[in-house]
Each structure stands twice: as C-alpha cells, then as structure tokens.
Amino acid sequence: MAESWDVIAIGSGHNGLVAAAYMAQVGKKVLVLERNAWHGGGVVTRDLTAPGFRNDLHSMAHIFIQGNPLLKNDDLCLKSKFGLRYVFPEMPMMSVFEDGTTLGMYRDRERTVADIAKFSKKDAEAFRGFADMAQTFLPMIQSQLYSPPVPLGASYALMDQSREGREMWRIMQLSCHDLLTGLFENEKVIMHFGRIAGENLVSPDEKSTGMGPFVFVGFLEAYGIGVPVGGSGKLTDALIASIESNGGKVLANVDVARVTVKNGRAMGVATRDGREYAAKDGVIGAIHPHLLGKMVPGLDPAVVHDAEATQISEMGCITIHAALNEPLKFRAGDHVKAVMIELLPNSYNALRKSFDNLRYGGFTDPPLIGLGSLTMHDPSRAPAGKATMHVWDYVPYKRADGKNWDTEKKAYAEHMLAHMGKYISNVGPENIVAYHCDSPLDMERTSPSFMHGDLHGVASTTYQYGAHRPTPDLGMNVVPGCDRLYLVGPFQHPGGGVFGAGRAAAMRMCEDLKIDFDKIGVRK
Ligand SMILES: Cc1cc2nc3c(=O)[nH]c(=O)nc-3n(C[C@H](O)[C@H](O)[C@H](O)COP(=O)(O)OP(=O)(O)OC[C@H]3O[C@@H](n4cnc5c(N)ncnc54)[C@H](O)[C@@H]3O)c2cc1C
C-alpha cells in the first residue's frame, strides 16, 4: 500500500519548499522528496573547500525574494521563528574596470549619482530620472512576481490603457543596449547597467530585455541585496523548519521517477527505487519542461512536444568557490566592498563582443567575471580573518573543441583566476587554500533545473516569459491533462532566481481546494 499524504512535493529546491510550506501552514499533511543527499537545489550552503569555510554552491544574492510577502510579511515566520536573518550592505553592486576605475550602485541614490558623476555629470542627472522611473515601475512589477502570471493578452491590454503602460510596453521590447545608449553617454556607465541586467543571462544586445535595468535598479534601491547570515542555505533550513513544525516531512535521497496519474489527475508519485506515495490533494513538481513527458504519463503529445522544444540559453555557468587565507585585495582600492562585484573591460564593445562569442558557441573573451566575497558582509562563513570567494563566468555547455568539461574545468578555472589577477593582487595559490569548480555539466547534475548549465532552466526570452514561461500551455503553474499537478521551478514565471515563486503554485492549489489563500500568514 502506498504511504498516504495530502500533498507531495517533488524536489526540495526553495520553490518546492515554499509551495509545500504554505500548504503545510494551511493544515495539509505534506511530504517533500529530494533526489540529492542534501536539500535546497540552488539555495544551498555546503562545506566545499576547507574546514570552517561555508560556500554557497549556487545562489548567493537574495534580491527578488525580498519583495515577496513570504519575507515582507514574514507569512511563514521564517524570520521571526525559524532563524532566517539577512544583512543588507549599503553597496549591493560595483563594477570594477580593468583600468582601476570603479562605479558603485548604492541603496542611497545620491551616492550612486556621485559615483556616476565621476564619469559623466550628464549621466548622473539622467540616472535620477531613470531611477525615479524604476521606482514607478516597481510596484507594478512586484505585484506580478509571486503569484500566477496574468495571461499575456490581458496584461498587454491593461498596459495599453495608459501612457505609462504603453511606455512600459515599449521599453519591454527594447534591448538593454537600445535603452542604455538612449539614456547615457559614457560607455562605462552603459556597461555598468548592461552588465547588471546581463546577470539574467542575456547580452545587452538581446531584444526585449529593456526592463532588466529598471527591475535591478528598482529592487537594489528599494531593498538592496539580502545576504543571508550563515549562507544561502539558511533560507532552505528555515523553510524545512517551518514545514516540520506543521507536521510535514522532508526526505533526502529519494529520486522520483514519475507522477502517478489516474483519470487525468495526479494521484501521487513513484520513486526510482520502486516506492509509491499517494497524494490526496495534489503534487507539486519541480519538473523541467524537457522531462515533463517522461515524468507525467498520458499527456497530450502536443503539450509534451512544445515543452521539449523550449529553448535553453547558450550561456552555461561555470563557478569557482574558494577558501582564502586573507580577504581579497582589489588593485582599485579597499572601497570595493559590494555584494556583487563585476570585473569589466575598459570598453563597452569588448563586453558586447565577449557576450557575442557565446552566441556562436565560443568562450567569453575577456571572461565575464562576476564575484562575491560574502565574508566581507558575513564573517561567520569562514574562520576569523579568513575569507570565502564565489566567482562565475559564462561558457558554452557543448565545447566547440569537443573536449569534456570534466577534464577541462580546472584549466578553465585557472584561466579565470589568471584574468582576475589583473584586478586583484592576491588571487593566486599564495592566498587560495582550496577551491571547488563546477562546470555546466556539474550544474545540471546538481539539479535538472540547471539543464545545460542554464541557471534559469530555460532561456529568459520574450517568447518564454510571463504566462508563456516555459510554454503557453504550462505557464500558469498547472498542466493541461493532469489535474492537481502544480509546476515550480526557474523555468516557470517569473524565471530563474531566488524569488520564492513557489508561492504561486500554492495559490493555484488553494484555489482548487477552495482554501482562502489570503488567510495564510496568521501564525505570528
Ligand atoms: C551557479 C548559480 C548561481 C546562482 N546565483 C543566484 C543568485 O545569486 N541569486 C539568485 O537569485 N539566483 C541565483 N541562481 C538561480 C537560483 O539559484 C535558482 O533559480 C533557484 O534556486 C531555483 O530554485 P527552484 O526551487 O525553482 O529549483 P532548484 O533549486 O533547481 O530545485 C529543484 C530541486 O528539485 C530536485 N529534483 C528535481 N527532480 C527531482 C526528482 N525527480 N526527484 C527528486 N528531486 C528532484 C532537485 O534535485 C533540486 O534540489 C543561481 C543559480 C546557479 C546555478
């Protein structure tokens, strides 16, 4: 006989946990099954390098979840009861150029204005208008991030009703390049904002990415970047504690092979080792669209075909996690203390061409290095006086030279570190106690969400956006032809990142179960 639960979640990524935790909060008996030996998917902190050093395996910056009622209203008491604590450094992000100049993005707008003025007084003034507009857009954007998406037709019709809405629509269709070259004159200022938006795995030249800089600036000014004290995985720990406090269970090392379906309704799950679990009310599934047909029997072949045809970004991610003897010394000076630090060339066209290389299956040149050394803000992650470092660059999943990432990743990591030496004086073996490198292959091994090393599951393009993410059939967190199956993942709206967007799946489930979702969050 299958073990029986009300709700089963496939995967203990933060989105599955958020959905499960909301359902546990409304009194459902919840079981979460995770294939890895650890929990959290992309929100995990582990001992990867040397004793006493805690590294965030994937996400390190908790930006967009800060506007989620989950944290804003502490809906599930993650902060007040379950130990989740953030620090919000004054400088969320800084660009460091090869010639030693720097441009910071601060929570205090006037400090950002002053930094931009070092490059162009005209751009500093233009930034004021741009940041005002970002704050105007923010409530509209934020209202759509943590609930099921509005159907695209309705959302465009709404935008069409006002001048501001039509302007937003126009901006959405621009590339970052179109937007930023229209706003700013200085190439380093343009590069600074283009690179922030590029963290969404898009080149500044990608069309329909024009909202990116507004979203980042809006959030960074309003909330900053949350650095979880103790590591990214503290969010996962708090979610698990919340589920368990409501009688739920979260199990590791359980690989779910398929959803069991009867008469077009999800009835539970079957695991690869032959166990079955029944779910009376529904199944929450971290199921990548390319795996949907394999994991959910009996779906309409057209639904499965479109899911399998979703496009994955050409930008696979490669990361280095290091334990350092001493904090990093930036050649630009000791003021480089941001959460996210972007190491940039001196010329904007060099950045654009580097992104272009990825489009053709090549390597970035120069490397597009982003890094965080979060011990700057949270010393608890390393022994006293020591530091951690998290570095990323983008690479093709399939190498044009036919070589395997497993054998080549160390050479690539050394190439990244050598390039970093132009910006940082102590990033060699004298300071690196140990490091761990993950190639795009490793990335997809840690979670099927990161297929081909795409941090966002599927590419962040207009045709895989909003209610059409990942496909028009699957964009509303539900699966046509399989009732009571609710999808979560970076490949769903609003995309990759720590959003806590599993809340939308819980809303859909509550709607089907006739539970008033708005009453959740009364446990304080
Ligand atoms: C290197 C890297 C850096 C990143 N940095 C940031 C950052 O700084 N800030 C940010 O906001 N975002 C960042 N992201 C993106 C962010 O981590 C992800 O978008 C987010 O964690 C996705 O969460 P999720 O719960 O939807 O999916 P996942 O975290 O992928 O969780 C899915 C879970 O389900 C499990 N699972 C899947 N299938 C099964 C199955 N059949 N049976 C059992 N278990 C299963 C997986 O093992 C996994 O644990 C980064 C991602 C990567 C890879």
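Where does L291 lie, and between which two elements is its loop found? L291 sits in the loop that runs between β12 (276-285) and α11 (292-295), where helices (H or I, at least four residues) and strands (E, at least two) are DSSP runs numbered from the N terminus. Before I go on, please keep in mind that this is a predicted model, in which local features need pLDDT of at least 70 and side-chain atom pairs count only at pLDDT 80 or more, while totals for chains, interfaces and linings use all residues. Residues are numbered from 1 along each chain as its sequence is written, and side-chain values use heavy atoms, with hydrogens and water left out.

To return to L291, its relative accessibility is 24%, and it therefore counts as partly exposed; buried means under 20% relative accessible area, exposed means over 50%, and partly exposed is in between, with a 1.4 Å probe and protein chains only. The C-alpha atom of L291 is separated by 8.8 Å from that of V304, a residue 13 positions away along the chain.

Let me move to the ligand. There are 35 residues around it, and those that come nearest are E34, G42, S447, S449 and V498; a residue is counted here if one of its heavy atoms lies within 4 Å of the molecule. For polar contacts, the criterion is a pair of N or O atoms within 3.5 Å, and within protein one must be able to donate a hydrogen and the other to accept it, with residues adjacent in sequence counting only if both atoms are side-chain atoms. The side chain of S449 has an N or O atom 2.6 Å from an oxygen atom of the ligand, and for the side chain of N36 the corresponding distance to a ligand oxygen is 3.4 Å. With V498 it is a backbone N or O atom that lies 2.7 Å from an oxygen of the ligand. Taken on its own, the ligand has 1,000 Å² of accessible area, and the protein covers 94% of this, the areas coming from the Shrake-Rupley method with a 1.4 Å probe, and with only the protein chains shown counting as cover for residues. Two or more residues of the shell are given by each of the elements α1 (14-25) and α15 (440-446). By residue type, the shell divides into 15 nonpolar, 17 polar and three charged residues, where Ala, Val, Leu, Ile, Met, Phe, Trp, Tyr, Cys and Pro count as nonpolar, Asp, Glu, Lys and Arg as charged, and the others, Gly among them, as polar.

Next, two helices. At the start of α4, a side-chain oxygen of S120 comes to within 3.3 Å of the backbone nitrogen of K122. The buried residues of α4 include F127, F130, F137 and L138.

How many of the 12 residues of α8 are buried? The number is 11, so α8 is largely enclosed by the rest of the structure, and among these buried residues are K188, H192 and R195. At the start of α8, a side-chain oxygen of N186 reaches to within 2.8 Å of the backbone nitrogen of K188.

I will finish with some loop details. In the loop between α8 (187-198) and α9 (211-222) we find S208, which has a positive phi of about 60 degrees although it is not a glycine. N477 also has a positive phi, near 70 degrees, in a residue other than glycine; its place is in the loop between α15 and β18, and N477 is buried, because its relative accessible area is 3%. P470 is found in the loop between α15 and β18 (478-479), and the peptide bond joining R469 and P470 is cis, with omega about 0 degrees. Another cis peptide bond runs from D365 to P366, with omega near 5 degrees. Lastly, D74 counts as buried, since its relative accessibility is 8%, and a polar atom of its side chain lies 2.9 Å from the backbone nitrogen of L78.
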